[in-house]
Amino acid sequence: MAGCQSIVRLAGLVLGLWMAAVSGGVLGASSDFVRVDEYMQRHPEQQALMADLSARVRGPAVPLSTPPLREIRIAVIYPALQASDYWRRSLASMEARLRALDMPYQLKVYMSRPTVDVNLQARQLTNALQWRPDYLVFTLDTVPHLRMIERVLALGRPRLILQNVTTPLAEWEDDPPFLYVGFDHEEGSRLIAEWMLEQADYRGKYMTLSFSSGYVGRMRSDTFVGMAGRHPGLERVASISADGDPERAYRETLRTLEAHPDLTMIFAASTDVALAALRALRETDRLDVLINGWGGGSAELEALGPGGLDVTAMRINDDNGVAMAEAMRMVMLGQQARVPAIFAGDIVRVTRDTPPERIDELKRRAFRLSESSDDG
């Protein structure tokens with residue numbers, strides 16, 4: 001009887017996933033999310049838990065003293081088919097840490113394009129759940145993601161890790177995912193904005209350019225716009241969402257440059273649109289326009305410098321893969337209560353003037369476990 005009920009519930013979930021995938025839309029206002037600082041104020045006990053996990057992540061692996069009775073099953077659904085190597089490095093670092101911890105595991109990995117492959121992601125999620133994993137690593141960017149995740153949470157398993165999200169959704173506070181993990185989009189954008197606005201002397205016209213109108217693009221762009229809005233000498237003349245198409249970012253940059261030849265800055269909310277806009281600047285000989293990257297992966301670091309990107313927020317990328325592995329280890333040791341709700345890795349500002357030796361130092365730290373992975 002229990003088996004039949006499980007099958008019925010899974011069938012209902014599959015139908016719900018397909019309905020969610022075709023519903024479209026973007027997430028609500030940023031007020032739907034709880035900022036990291038605000039979350040710690042609401043839940044002061046989380047500060048010690050977050051500090052403890054951060055210490056584990058920065059420290060060496062401590063292998064299990066007793067071999068587990070069985071392999072853990074991990075399903076990963078990543079929008080990794082993009083210029084940024086963030087997702088692939090995260091997967092490589094998670095696996096490397098699991099091996100160092102002597103934690104046997106089985107892994108199923110599903111890749112897709114961000115924004116445009118929501119229907120594919122729904123099918124991937126259905127397949128992943130039918131495999132009955134212990135952990136599901138997924139992300140949250142659009143309304144279809146939101147609805148898919150809510151159905152997984154309603155099942156009560158697998159343990160859900162939401163990656164690239166460090167601001168808990170307010171409506172899930174009573175029934176949260178196992179772990180929010182990634183890097184704070186607001187913190188990274190503040191680092192970029194502080195430098196760019198100062199370089200522009202707090203004057204001039206600027207445009208914002210996002211890969212999509214989802215959660216990530218809005219959190220990053222809204223932060224930059226909010227900081228720019230404090231200075232009356234700055235004017236936003238265009239706000240573009242590429243709808244998942246870097247070529248559209250390239251074309252819209254060309255149009256904006258033509259309409260506003262006195263453009264001062266471009267705030268790019270992702271690697272793909274940053275590199276597309278940089279191509280437009282190079283072709284029009286407008287390298288006087290300030291432009292940023294976001295994430296500091298291999299492609300951005302190669303483009304950083306005179307005639308390229310001016311600044312980026314560099315994630316200490318492998319931290320979040322290590323954090324996921326360490327959280328799984330804590331569960332295996334019966335320490336799930338010590339797993340914090342959020343892990344937000346370190347972000348460092350890197351500019352066109354950062355010495356090469358400093359960048360090399362950061363790369364060794366950020367890519368310490370994933371350097372052998374395909375950077376893409």
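Buried denotes a relative accessible area under 20%, exposed one over 50% and partly exposed anything in between, with a 1.4 Å probe and protein chains only. The model is predicted, so local features need pLDDT of at least 70 and side-chain atom pairs count only at pLDDT 80 or more, while totals for chains, interfaces and linings use all residues. Residues are numbered from 1 along each chain as its sequence is written, and side-chain values use heavy atoms, with hydrogens and water left out.

View 1. Strand S5 covers residues 179-182; strands (E, at least two residues) and helices (H or I, at least four) are DSSP runs, numbered from the N terminus. Leu179 and Val181 point one way from S5, Tyr180 and Gly182 point the other way, and all are buried. Two strands count as paired if DSSP finds at least two bridges between them. Strand S4 (residues 159-163) pairs with S5 in the parallel sense over three bridges, and leucine 162 stands opposite tyrosine 180 in S5. S5 also pairs in the parallel sense with strand S11 (residues 342-344), again over three bridges. In S11, isoleucine 342 is the bridge partner of tyrosine 180, and phenylalanine 343 is that of valine 181.

**View 2. The six-stranded sheet.** The strands of this open sheet follow the order S2-S1-S3-S4-S5-S11, with parallel pairing. Strand S2 (105-111) and S11 are at the edges with a single partner strand each, so one side of each is left without a neighbour in the sheet. From one strand to the next, the twist averages 15°. Helix H5 (residues 118-130) lies across strand S1 (72-78), S2 and strand S3 (135-139), and runs at about 165° to S2. Angles run from 0 to 180 degrees between N-to-C directions, and axes are lines fitted to C-alpha atoms, for helices over the stretch in contact.

View 3. Strand S6 (residues 204-210) and strand S8 (residues 263-268) run parallel and are joined by five bridges. Tyrosine 206 stands opposite methionine 265 in S8, and methionine 207 stands opposite isoleucine 266 in S8. Contact here means heavy atoms within 4.5 Å.

View 4. Five of the six residues of S8 are buried, and the strand is mostly covered. S8 and S9 pair in the parallel sense over two bridges. Methionine 265 stands opposite leucine 290 in S9.

**View 5. The antiparallel pair S10 and S12.** Strand S10 (residues 311-315) and S12 run antiparallel, joined by five bridges. Methionine 314 has valine 348 as its bridge partner in S12. Strand S12 (residues 347-351) is largely enclosed by the rest of the structure, because four of its five residues are buried.

**View 6. Helices H3 and H12.** Helix H3 (residues 45-58) and helix H12 (residues 318-332) pack at an angle of about 110°, with their axes 9 Å apart. This makes H3 roughly perpendicular to H12 (65 to 115 degrees; under 35 is roughly parallel, over 145 roughly antiparallel and the rest oblique). H3 contributes Asp52, Leu53, Arg56 and Val57 to the contact, and H12 contributes Asp319, Val322, Ala323, Glu326, Arg329 and Met330. These residues divide into five nonpolar, no polar and five charged. Nonpolar covers Ala, Val, Leu, Ile, Met, Phe, Trp, Tyr, Cys and Pro, charged covers Asp, Glu, Lys and Arg, and polar the others, Gly among them.

**View 7. Surroundings of threonine 271.** Threonine 271 is found in helix H10 (residues 271-283). Threonine 271 is buried, with a relative accessible area of 5%. Not counting residues up to four places away in sequence, threonine 271 touches Ala83, Ser84, Trp294 and Glu300.
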